[in-house]
Amino acid sequence: MVELRFYGGVGEIGGNKILLVDGDTRLWLDFGKGFTCGDDYFTGYLAPRGIAGLKDYFEFDLLPKVDGLYSEEMLGETEVRYCEPRFDGIIISHAHGDHVGHLGFVDPHIPVHTGAGTKLFMEAADETSTYRLGDHAYRTFRTDLLFRVGSVEVRPIHVDHSIPGAYGFIIYTSKGPLIYTGDMRAHGPKADMTEEFIEAAAGEKPVAMITEGTRVTPNDGRQSLSEQQVYNGVAATCNKPAHKGRLILYTHGPRDMDRLGTFYTAAVVAGRRVVISPKTAHLLSKLVHDEHLDLPDPSKDENIAVYYRRKKSGSYNENDYYKWERPFLDRMVTPTELKKDPGRYMVYIDFSGLTELIDIRPQRSTPFIYSMSEHFTEDDVEGTVLRNWIAHFGLEYVQLHASGHISRGELAEAITRVGTRKLFPVHTEHPEMFKEMHGGTVTPEKGKTYSL
């Protein structure tokens with residue numbers, strides 16, 4: 001018998017935790033943290049205590065109490081007793097936190113199968129973050145290199161997403177092929193990869209398909225731009241006569257390397273240096289070793305500079321910074337350089353770094369390119385705060401973003417092409433809408449078992 005149990009990603013964006021059971025084989029598809037996980041009980045500095053392991057998470061039913069899944073250390077203060085692993089593996093589709101963020105609780109002896117590029121992202125996150133994914137029995141794969149987990153065979157196939165190294169999977173179970181899309185898009189710079197995955201899935205005549213549905217919503221307010229259109233918009237902003245001699249400020253998802261490449265190229269063509277954060281520089285220093293990625297080397301490329309915030313001494317002393325930050329100190333730029341020759345730079349500023357604007361003092365009407373999904377809810381505090389900072393400094397707000405997720409229409413077409421018998425929508429707030437796309441739609445419920 002083949003069964004699916006959904007412990008996350010149900011009626012929510014992200015947080016995918018799907019258990020596949022095939023006879024004696026027990027395999028997890030992703031182990032992510034939902035974007036709203038714990039929001040009813042925690043906010044800001046009120047957060048689950050790191051020292052308590054899983055205790056706070058179990059208190060509010062934020063993670064399933066499943067035997068043989070978690071590490072002995074993480075179970076230490078809970079009523080759940082540790083036992084030897086009872087799972088054959090975890091497959092990670094990509095390195096975004098909503099697909100991998102709860103891996104740090106898992107028993108390190110359970111094999112974790114992940115793309116070679118994804119592992120680089122996870123290593124960089126562990127080295128630069130206070131929350132670690134931990135040491136695991138990692139086993140890496142690349143496209144079309146089949147691997148076996150227990151009695152199940154898995155075929156990973158690359159897809160285009162807003163992070164390199166993203167995969168969808170064809171899983172050969174005892175009842176027939178199962179498709180798991182992970183996250184994907186059909187309009188990105190590597191849309192051909194998603195097409196290859198959909199074509200391969202369609203050729204399998206699958207018994208079931210588990211698909212993301214981020215943009216399946218009654219009112220999708222996201223910009224429907226391609227990466228080329230984003231580039232055109234950035235280039236136009238740089239070339240606008242009023243912006244000559246002014247700083248260009250920008251922000252985007254910290255792991256979106258396609259978007260970083262877009263801003264990098266636009267900056268170089270416009271005769272500017274692109275200024276990144278030490279964390280991005282550290283990540284790039286790892287990713288440049290992946291022959292499948294074409295990314296600039298922050299330690300060698302003269303078109304890249306690194307913005308360092310003042311710490312401790314307040315004087316940019318080398319000892320103020322973590323060891324992983326120090327290799328790029330010779331690339332440092334500070335507010336002094338930016339104010340001296342603003343037209344020479346395009347500077348990355350994330351939400352937590354908005355305070356740096358107080359020192360940078362950008363001229364009024366300096367463009368601020370927001371290259372992420374816009375805030376849609378009226379009560380979104382972060383969106384309100386961002387707008388207040390932009391208004392205070394009189395910045396020119398420019399929205400340019402290509403979504404990391406497939407559109408509703410493109411997804412409907414893909415589902416029809418694949419021709420699956422059963423369809424399980426996850427990673428969506430509107431699973432009920434999938435019934436309009438496929439008559440075999442099953443709206444999963446959290447913790448419930450579904451037989452194939």
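Which strands and which helix do the buried residues of α4 pack against? The views below take that up and then move on to other parts of a predicted model, in which local features need pLDDT of at least 70 and side-chain atom pairs count only at pLDDT 80 or more, while totals for chains, interfaces and linings use all residues. Residues are numbered from 1 along each chain as its sequence is written, and side-chain values use heavy atoms, with hydrogens and water left out.

**View 1. Helix α4 and what its buried residues pack against.** Helix α4 covers residues 191-202; helices here are DSSP runs of H or I with at least four residues, strands are E runs of at least two, and both are numbered from the N terminus. From first C-alpha to last, the 12 residues of α4 reach 17 Å, close to the 16 Å expected at 1.5 Å a residue (the expected span is 1.5 Å times one less than the number of residues). Met 193, Thr 194, Phe 197, Ile 198, Ala 200 and Ala 201 are its buried residues (buried is under 20% relative accessible area, exposed is over 50%, partly exposed is in between, with a 1.4 Å probe and protein chains only). They sit on the same side of α4 because they cover an arc of only 165° around the axis, the arc being that of the directions from the helix axis to the C-beta atoms. Their partners are β8 (152-158), β9 (167-173), β10 (176-180) and α11 (408-418), with contact meaning heavy atoms within 4.5 Å.

**View 2. Helix α10, one face in and the other side out.** The end C-alpha atoms of α10 (residues 381-392) are 16 Å apart, which agrees with the 16 Å that its 12 residues should span. Gly 383, Leu 386 and Ile 390 are buried; seen down the axis, they fall within an arc of 65°, so they line one face of the helix. Their cover includes β17 (367-371) and β18 (396-399). Over on the other side, Val 381, Ala 391 and His 392 are exposed. After α10 comes Gly 394, with a positive phi near 65°.

**View 3. The crossing of α5 and α6.** The axes of α5 (residues 227-239) and α6 (residues 257-269) come within 9 Å and cross at roughly 35°. Axes are lines fitted to C-alpha atoms, for helices over the stretch in contact, and angles run from 0 to 180 degrees between N-to-C directions. On the α5 side, the residues in contact include Tyr 231 and Cys 238, and on the α6 side they include Arg 259 and Phe 263.

**View 4. Helix α3 against α7.** Here α3 (residues 116-128) and α7 (residues 278-287) pack at about 145°, their axes 9 Å apart. Among the residues making the contact are Phe 121 and Glu 127 of α3 and His 282 and Lys 286 of α7.

View 5. Tyr 316 is partly exposed, at 25% relative accessible area.
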